[in-house]
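Please keep the structure in view while reading.

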Amino acid sequence: MKIIDLHCDTIARLTETGENLYQNQGHFDLIRAQQANLVLQVFSLFVYPAEQSRTLKGILQQIDRFYQEIEQNSQLVYLLLYMTDYKPDNNRLAALLHLEGGECLGTDQEVLRILYRLGLRSVGLTWNDRNLLADGVKEGQNAGGLSRVGRKMIQEMKRLGMLLDLSHIAPAGFYQAIDEYQGPVLVTHANVRKFCDHPRNLDDNQLKALANSGGIIGLSQVSDFVKDIPQPSLDDFIDHIVYVSDLIGVEHVALGSDFDGADQVVLPGIEGYHQLETLLRKRGFYTHELEMIFSMNVERVIKQILK
Ligand SMILES: [Zn+2]
């Protein structure tokens, strides 16, 4: 079965460890991705917001690293820029570039447009902190919504044909961003409050608003977001898939591992996804539903947004 995963932090990890995308000790590499029949991976660019003075430079360095990996492994991976490029059956992984947190944008749409030209196709306005565009979940009860510049940034993203990712943003901004974007939004890596009351997870109202936009949630492998116990199981993770499917419909569910973004994850890495398929069948999912969760829902949304 074809697999699409909405979020990994592999590029940032490789930049730190010096390993390569072809084969490495982390959660994700190209050899295992091919064996797992992965057809599209969203690769996140991420620099800690605390490193204010060098976020843009850090992001540019990660983009450079990404291009080097694509050149060295062009038989296995290609950069997805336009929907006409998307060829899920050619044995090569489509890579879509995502910016996690808008710190490097500041207030400048010019920077957004330049990054678009460099291949960026998805943006999350915040990581956990407050920035010039919006507040992240770490701001807690006092978190505000979108700034005026944040609203303008969303309008420009929509005009360019970029995906909007609402993982990490605080609830006020979450709802405002959905109104502003006027299209299907993504939450690429989070789970549900029902089973794990973590600020990064969504409550039922947020899930319904996401579904009303036509959007999707990529459910995450991160143990802290699955269950508040030492070692949650794969079945605990599947509880989230079942719950969201029942609440808002299977057409709004996808996979967003957050591989290489956290130490404790439920699956060992990208190679574990076949196990997930087997267990989901045992929990009563039909083949066509699994195809939707594993790839078709994401394909539907990116076809609507990417030019
Ligand atoms: Zn994240």
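With which residue does Glu156 form a salt bridge in which the closest N and O atoms are 2.7 Å apart? The partner at that separation is Arg159, in what is a predicted model. Being 3 residues apart in helix H5, Glu156 and Arg159 are separated by about one helical turn. Arg159 counts as partly exposed at 49% relative accessibility, whereas Glu156, at 8%, counts as buried because the cut-off for that class is under 20% relative accessible area.

Glu156 also forms a salt bridge with Arg113, with 2.9 Å between the closest N and O atoms. Since Arg113 belongs to helix H4 (residues 109-117) and Glu156 to helix H5 (residues 148-160), this pair ties together parts that are 43 residues apart in sequence. Arg113 itself is partly exposed, its relative accessible area being 31%.

A further salt bridge joins the side chains of Arg283 and Asp235, with an N to O distance of 3.1 Å. This pair, too, links distant parts of the chain, for Arg283 sits in the loop between helix H10 (273-282) and helix H11 (287-305), while Asp235 is in helix H9 (residues 234-248), 48 residues apart. Arg283 is partly exposed at 36% relative accessibility, and Asp235 is partly exposed with a relative accessible area of 36%. Elsewhere, salt bridges that share partners join Arg13, Glu19 and Asp260 into one network.

The three pairs described above are set out here.

| Salt bridge | Closest N to O distance |
|---|---|
| Arg113 and Glu156 | 2.9 Å |
| Glu156 and Arg159 | 2.7 Å |

Across the chain as a whole, the mean positions of the 29 positive and 40 negative charges are 6 Å apart.

As for the fold, the secondary structure of the chain comes to 11 helices and 9 strands. The radius of gyration is 18 Å, close to the 19 Å that the globule rule gives for 307 residues, so the chain is as compact as a globular protein of that length. Along its principal axes the C-alpha trace spans about 50 × 45 × 35 Å, and buried residues make up 62% of the 307 residues. Of the contacts between residues at least 6 apart in sequence, 70% join residues at least 24 apart. The accessible surface comes to about 12600 Å², and 47% of that surface belongs to carbon and sulfur atoms.

Methods:
Residues numbered from 1 in each chain as written. Predicted model: local features only at pLDDT ≥ 70, side-chain atom pairs only at ≥ 80, totals over all residues. Heavy atoms only, no water. Helix = DSSP H or I, 4+ residues; strand = E, 2+ residues; numbered from the N terminus. Rg over C-alpha atoms; globule rule 2.2 N^0.38 Å. Buried < 20%, exposed > 50% of the residue type's maximum accessible area, 1.4 Å probe, protein only. Contact = heavy atoms within 4.5 Å. Areas by Shrake-Rupley, 256 points an atom, 1.4 Å probe, with all protein chains shown as cover. Lys, Arg positive; Asp, Glu negative; His and termini not counted. Charge placed at Lys NZ, Arg CZ, Asp CG, Glu CD. Salt bridge = Lys/Arg side-chain N within 4 Å of Asp/Glu carboxyl O.
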